[in-house]
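Here are my notes for you on this model. Keep the structure open and follow the points in order.

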Amino acid sequence: MRDELSLAKFLIGLAFLIVASKMDLDKREVPNKVWKYMFLAIFPLTLIELILYDGLFIAAIQTALVVGLALLFYYLGLYGGADAKALIVLAVLFPHYPEFLFFPLYSGLSFAFSTLFNSVIFAPFLPIVFFFRNVTKEGFNRKNLPYYFIGKRVDVNEIPEHHALLEFIDERGNLVRVRRGVEPNKAIIKRLKEEGIKKVWVTPQIPFIVFITFGYVVAFFIGSPIEFLIQRCFLSQSP
């Protein structure tokens with residue numbers, strides 16, 4: 001019965017994460033009701049699981065640690081509120097690592113933690129894509145090198161939706177360059193045009209829920225490659 005519970009919880013969670021990913025891609029915003037309905041849909045199955053199987057104390061500790069890390073990463077500005085809520089809900093709903101048939105190939109310490117690890121594995125590929133695209137389009141300029149990894153240059157009149165400015169003119173008329181994007185508004189765009197600036201560096205708001213969804217699937221079927229490597233390379237070595 002445990003296999004069936006795990007599979008049912010995984011599929012329900014995947015359905016909600018796919019919906020959340022689409023919202024994140026379209027609007028860069030996921031309403032709280034998505035996580036509320038996801039919790040209500042899966043928690044009865046989690047409750048059955050907790051009643052039928054042992055390990056509640058260890059599961060509670062793991063859940064508390066993952067919730068704490070999710071909140072810490074949020075307050076450090078590593079991702080947005082929707083990303084933190086997704087991981088917190090996963091930590092509460094999956095106190096035990098789900099198992100179905102011979103999956104996962106390698107079980108990590110915590111399903112939510114493995115999901116986060118797997119998400120982080122693939123997120124760094126975006127800066128590499130940005131870099132090669134910018135080198136091809138802009139040539140190589142050491143002065144703008146940090147921006148090559150996080151953004152692109154666009155026409156002031158054609159700033160894409162869900163993009164933030166990495167450079168702008170402040171109220172004193174000074175050109176300001178930042179690492180964390182600033183939301184463009186009419187006043188900022190007007191000042192850029194008045195200064196005769198035709199192109200600016202912008203950065204997209206990354207839909208991290210998409211990466212979380214991918215990490216969620218990998219965590220269920222494969223497990224956590226990072227945790228596996230850490231264990232094989234460090235923890236399994238004899239003193």
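**Notes on the predicted model**

1. Start with a pair of helices. Helix α5 passes α9 in a right-handed crossing. Keep in mind that this is a predicted model.

2. Find the two helices by number. α5 spans residues 111-122, and α9 spans residues 208-221. Their axes come within 7 Å and cross at roughly 120°. That angle makes α5 oblique to α9. The reason is the cut-off: an angle counts as roughly perpendicular from 65 to 115 degrees and as roughly antiparallel over 145, so the angle here falls in the oblique class.

3. Now step back to the domains. Domain 1 is made of two stretches, 1-125 and 207-224. Domain 2 covers 137-204. How many Å separate the centres of domain 1 and domain 2? The value is 36 Å, taken over C-alpha atoms.

4. Next, look at helix α8, residues 186-194. Its buried residues are Ile188, Ile189 and Leu192. Why do they lie on the same side of α8? Because they cover an arc of only 100° around the axis.

5. Check both ends of α8. At the start, a side-chain oxygen of asparagine 185 reaches to within 3.1 Å of the backbone nitrogen of alanine 187. Just after α8 comes glycine 196, with a positive phi of about 80°.

Terms used. Residues numbered from 1 in each chain as written. Predicted model: local features only at pLDDT ≥ 70, side-chain atom pairs only at ≥ 80, totals over all residues. Heavy atoms only, no water. Buried < 20%, exposed > 50% of the residue type's maximum accessible area, 1.4 Å probe, protein only. Helix = DSSP H or I, 4+ residues; strand = E, 2+ residues; numbered from the N terminus. Arc of directions from axis to C-beta. Polar contact = N/O pair within 3.5 Å; in protein donor to acceptor, adjacent residues only side chain to side chain. Domains from an automatic or database assignment. Axes fitted to C-alpha atoms, helices over the stretch in contact; angles between N-to-C directions. Parallel < 35°, antiparallel > 145°, perpendicular 65-115°, else oblique. Left-handed = near helix turned anticlockwise from the far one by under 90°.
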